[in-house]
Amino acid sequence: MLIKLAILLVISGVLLLVVGILIARQYTLRAKLLTAFLLIVLISLGALSVFDSYIMTENLTRSANKLLISRARQYSERLDDYHHANLESITAEARLPVFINFLKYKGQNRVGRQTALEVLKALQSKQKGIVQSYALLDQNGINLLDTNNMNMGSDEHETPYVTKAKELKHAYQSAVMFLGDNPDDAVLYFSSPVYDLAERYLGILRAEYRASALKTLIAPSRGQGERRTFAMLLDENNLRLVHGQRTDLQYALAKHIDKIRLEELKRKKLVPQTAHSDFAETDEWYKKYEGDAASDKLFTGTFYGLGTDIFSVATSRLETMPWTVVYAQAQEVFLEPVELQQRSAFMLVAMIAVIVVFVVLGTTQLLLGPVRRLTSVVQNISKGNRHVVAQIEAADEIGGLASAFNQMTQNVNQLIIDLEDEVSGHKLTADNLRKLSQAIEQSPVSVMITDLEGNIEYVNPEFSKATGYSSEEVMGKNPRFMKSDQIQASQYRNMWHVITTGQSWTGELCNRKKNGDLFWENATISPIKNKQGKTTHYLAIKEDISLRKDYEERLLYQANYDRLTELPNRVLAYDRLQQAVVSATREKKRIAVLYMDFDHFKNINDTLGHEAGDKFLIEMANRLKLITRDVDTVARLGGDEFLVMMTEVGDEHIADDNEYIVAIQNKAYDIMDLVARPCLVDDIEFTVTVSVGIAVFPRDGKDAHMLLRNADTAMYRSKRKGRGICEVFTPEMSDIVIKRVELDNKIRHALEDGCFYLKYQALMDTQSHSIVGAEALLRWEDEGLGDVSPDVFVPLAEESGIIVDIGKWVIDAVCADVKRWQNATGNLDLYMAINLSGRQFRGKTIGSEVSSLLSKHNLSGRSLELEITERLLMKDVPEVISMMNQFREMDIRLSIDDFGTGYSSLSYLKRFPFDVLKIDKAFVRDIGIDPDDSALCEAIIAMAHSLGLGVIGEGVENQKQFEFLKQRGTEVIQGYYVSRPMVYDEFTRFAALSDAATGVVN
């Protein structure tokens, strides 16, 4: 209403202004004055009317809103009081001795049963038809006694009013439930647990109320107070329990919900079986309804089934139930006084306008006589009679105008005389003008002079050289014909504002040459003023800075883009992610961040060289750009780590986070499939997988840093789970990372605090059954964590590099134990096997360290056997061979561990100086069960013997495995069939007993 009035006043004012301008251009002073007065009066009165209407509207709206809030609270308090009263009542009734005795003896007393039934019927009759039945249920939820005989014997133990009352141990009120096909038969239950004097649970007292009682409490809202007001009650499932304006909308859904959710509610009988979302309120209405977490809130909107009228709406939540009272009133009802006031205001404006017209006409008739006589004097002067004098009739403004006119006539006459004298005596200084002209013509910068409209009047030769246009081609044109689309219109507006106010403007412009090339200029534009200080022309001095701008763009590109793949680098990706987070926060959207790392990429660099690795990364970058859209960001963060940021997935209607994450996962799977396609680099075809971690804003992080960190965490989780998979971030991953950090810190202190210790697992000769050695196994016992598995702490130690110090300690401790054994038994043939980490080979000092420790304990190299895994053999092959030769020179035995579980190659056995091959327990485990594993073990043993290598079988646990390996020539076995890992003292006793025995000792 207020907007309509304001628009009407604006249109009226514009029309009057247009009329006034036309009159001022073509009509008399009387008409001009009349128009001016009308404009002033009408606009002033109109503005006053608008302001008054606005204040009145605000006051009426504020008062109506207070009333709506009060009414909404009144009904919510009425419902809360009703619920409290029923809950307190049924709590008190559950304490009646007659019910306690009945349930205590399970209704076996016939007299007690009849008495309890009579009391139930009396309680039911108190509610005057609102309560449909009262019932007593035993501890198992079986209906023992009910005022409705049809319900006796029914099993009600799974109903909410039984389970919740037992769980809460006090009275409980259920939601409205729809047990039959007729929605009008809806009921709600009040129940209370029954306890005896010893507080033992006996059963449940249950009352079944008609849901129509709620309608009775809300019904007075229709037409109460002001016209067109009503109340509505919504339950936790957005079902209209009561509609004060439309009875046909009672028990109808007020919000659109999906079919799965609707069927679930029907199954739980929380909505009618005929319920659907056809009668729901609009999404805009529900956004306003749910837009504030406060219990009381106000908003405006339309209601389904009530036309297009705008209602002011107040809501109030109940304390006893998750229900909301909605109280509404049509705005046109309480804004009627504003319309009446506006009509009165327009009538008053019309009357005043008529009065103003008559007053102005009379006044101008008296004032314009002297003006007409002054006009005739001016006409005589224009005909050449400069000596005419205007008569001064009164000492008012018109008299002052006549006096000033006479003075002006005298000044003009004197000016004409002076001008004639100056022209006759004036001489131009030709030399100075010639010097100035030559300086401009020979200037190394472009010079341009325009008139006040910006039309070119002069350009120097440098301008033509810079732009390609001759002076004849540009003369009379506006410089805008050279402008490009690189400069915003606001910059040109600012430039003209500065120079038209008499100031100089300096800035950078991008223009277009005659051949179409773009070039940048640093321009200074200044006004040229005459002696009186009036601007007559504009002077533009321009310098070509295209080369400098090109350098700046290159530097900017290098700072924000990856040189190899030409993708955004980490800096630009982080900046774009920050901007996307700000935009998504404002627009309440989601962002998906995919953190990717190619699996075993280092193998490409190690085997094919870094140049091939670069070609591979370029190919993968092109594939990522191919599968993503322009709105997505694909970036290389460093090495083989890439990032894809998706602000849209094509399914923006998805409201559920789980559905959104499924859509993102599908995008990730498409990327993974594309990456996994064969790649051809330097005529070599190979396939690489990618591990992907996903984080979603705002679920997994409120800022860019947290999103990147969590996506990175999810990616590493996928690496640990086997690589080549996609993982979505969960809060548990953060906990795992924190635990890994804590565990990493503990590992660093464990070595200092002496928490590591060794166990030895015996190595037995298959022929003599004697103990020939043992494998040293690292163990860790933490004060807080207890025994930590090597599978947990060894990979962490590998990642952090602390494994190097731990490995050195292991070799030192093993050498010390071997020396103790030799001193105690005199047996110099027993040796200890030690596993080496790939990290220990990186520093290339492992050979000298082992030699130093052997010398420290006065041991020969035959006392040690060093076990090396296949993974180590793939890296830095020449260096590994060199260090292994150093071990052979020390007479240390070398064994290849876990053979067959990695990238097994016969070339390893041929190129590296091994003495022993260890068969992994994964193959030994299924000997006699899996024919393939048996065949593999037999082949490995035969191959090793053909190459002159000894064989050790790991993980031997039974007689069948032992006999199989022994028959095929395996020299040594290791496993639980021989012994479990033992600390040094236990191992020495076991070895002594084994030497004395004549068989396998278990």
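Helices α17 (residues 570-587) and α21 (residues 704-720) have axes that come within 9 Å and cross at roughly 115°. The model is predicted: local features need pLDDT of at least 70, side-chain atom pairs count only at pLDDT 80 or more, and totals for chains, interfaces and linings use all residues. Residues are numbered from 1 along each chain as its sequence is written, and side-chain values use heavy atoms, without hydrogens and water.

**Helix pair**
- Axes are lines fitted to C-alpha atoms, for helices over the stretch in contact, with angles from 0 to 180 degrees between N-to-C directions.
- Helices (H or I, at least four residues) and strands (E, at least two) are DSSP runs, numbered from the N terminus.
- Tyr574, Leu577, Gln578 and Val581 of α17 meet Ala704, His705, Leu707 and Leu708 of α21 (contact: heavy atoms within 4.5 Å).
- This α17 contact with α21 comprises 6 nonpolar, 2 polar and no charged residues (Ala, Val, Leu, Ile, Met, Phe, Trp, Tyr, Cys and Pro are nonpolar; Asp, Glu, Lys and Arg are charged; the others, Gly among them, are polar).

**Sheet**
- Five strands form an open, antiparallel sheet in the order β2-β1-β5-β4-β3 (pairing takes at least two DSSP bridges between two strands).
- Its edges are β2 (143-146) and β3 (172-173), each pairing on one side only.
- Strand β1 (residues 131-138) runs antiparallel to β2, joined by 3 bridges.
- Leucine 137 has asparagine 143 in β2 as its bridge partner.

**Helices across the sheet**
- Helix α3 (residues 97-104) lies across β1, β2, β4 (187-195) and β5 (201-210), at about 120° to β5.
- Helix α5 (residues 160-168) lies across β1, β3, β4 and β5, at about 135° to β5.
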